[in-house]
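Here is a short report on one protein model.

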Amino acid sequence: MPYNSFHDLLEADSLDHLVARAQRLVETLGLDKFVFGGYSALAEPGSDPLILGSYPLAWQERYRQLQFQSIDPCVRHFRSSLYPVVWTRRFFADPAALGMLEEARCHGIFSGITCPAPLSSIGQFCMSATNGDNIETSSIHMAERVPEIHLLSSFFLEAFRGMRHEAQAAVELTKRECQCLSLAANGCRDGDISEKLRISVRTVVFHLNNARRKLGASNRSQMIARAIVLGTVTP
């Protein structure tokens, strides 16, 4: 793939456009899906990861619900290493991690590449590009795509970082909405936010829904990502 193809990401004027353009590049490379995920610099240990991309929403919710980030070798890898890695059974050697991968297969995710994309001013992130092929038979094909996916992750992160500095839309949030959103960006769940602010979980949900609507986000991860981009939440 020509190097200039990746510059298209830098022209995206919104997170939705950025994700759509990245998905087109992933498909051009012969892969099915991608995820850009990780932790903002605000995130506390054990918090839920920020997730953007084309992974099925059902799998994203399942991943969060069962806190798979605690056993996912991709998370462990990008938080401690800088080099890309091709998924193999050896990489998922832990029985719990392999069980997670087998469940992901039901969502069309079974083989892939993970490329760390750290940026200390915003947080620790990675990009994984995947398909539903058998993990053994697709490893050679995946290895051939490592340079392109590594480049894609760098351009995606640069576009994400650039949006933060170029955002012009003013979003007016209430003090309580900002408090709830900041804690959510820290990885706190609704119950944790409720305890910290001494308000009911129902009130937390109310404020976060208002913040999500004002930010034009469709889910919690997108809400936090847009808040970071706009500088509403500052790592």
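Is Phe-125 buried or exposed? Phe-125 is buried, with a relative accessible area of 1%. Buried means under 20% relative accessible area, exposed means over 50%, and partly exposed lies in between (1.4 Å probe, protein chains only).

## Basis of the model

This is a predicted model, where local features need pLDDT of at least 70, side-chain atom pairs count only at pLDDT 80 or more, and totals for chains, interfaces and linings use all residues. Residues are numbered from 1 along each chain as its sequence is written, and side-chain values use heavy atoms, with hydrogens and water left out.

## Aromatic pairs

The whole structure holds 13 aromatic pairs. Rings of Phe, Tyr and Trp (its six-membered ring) pair if their centres lie within 6.5 Å; planes under 30 degrees apart count as stacked, over 60 as edge-to-face and the rest as tilted. Phe-36 and Phe-125 form a stacked pair, because their ring centres are 5.3 Å apart and their planes meet at 15 degrees. Phe-36 sits in strand β1 (residues 33-40) and Phe-125 in strand β5 (residues 123-131), so the pair ties together parts that are 89 residues apart in sequence. Phe-36 is buried, at a relative accessible area of 0%.

Tyr-63 and Phe-68 make an edge-to-face pair, with 6.0 Å centre to centre and 70 degrees between the planes. Both Tyr-63 and Phe-68 are buried. Ring pairs also join Phe-34, Phe-36, Phe-125, Phe-156 and Phe-160 into a cluster.

## Charges over rings

Arg-79 lies over the face of Tyr-39, at 4.2 Å from the ring centre. Arg-105 lies over the face of Phe-110, at 4.1 Å from the ring centre. The criterion: NZ of Lys or CZ of Arg is within 6 Å of the ring centre and within 35 degrees of the ring normal.

## Strand β1 and its partners

Which strands pair with β1? β1 and β5 pair in the antiparallel sense over eight bridges. β1 also pairs with strand β2 (residues 50-53), again antiparallel, over four bridges. Two strands pair if DSSP finds at least two bridges between them.

Gly-38 has a bridge partner in β5, Phe-125. In β2, Gly-38 stands opposite Leu-50. β1 is mostly covered: eight of its eight residues are buried.

## Gln-60 in helix α2

Gln-60 belongs to helix α2 (residues 57-65). Gln-60 counts as buried because its relative accessibility is 6%. Leaving out residues up to four places away in sequence, Gln-60 touches Ile-51 and Tyr-55. Contact means heavy atoms within 4.5 Å.

## The whole chain

The protein chain has nine helices and five strands. Helices (H or I, at least four residues) and strands (E, at least two) are DSSP runs, numbered from the N terminus. Along the sequence, the pattern is α-β-β-α-α-β-α-β-β-α-α-α-α-α.

A compact globule of 235 residues would have a radius of gyration near 18 Å, and the protein chain agrees, at 18 Å. This radius is taken over C-alpha atoms; the globule rule is 2.2 Å times the number of residues to the power 0.38. Along the principal axes, the C-alpha atoms fill a box of roughly 50 × 40 × 30 Å. Of the 235 residues, 49% count as buried. Among contacts between residues at least 6 apart in sequence, 64% join residues at least 24 apart.
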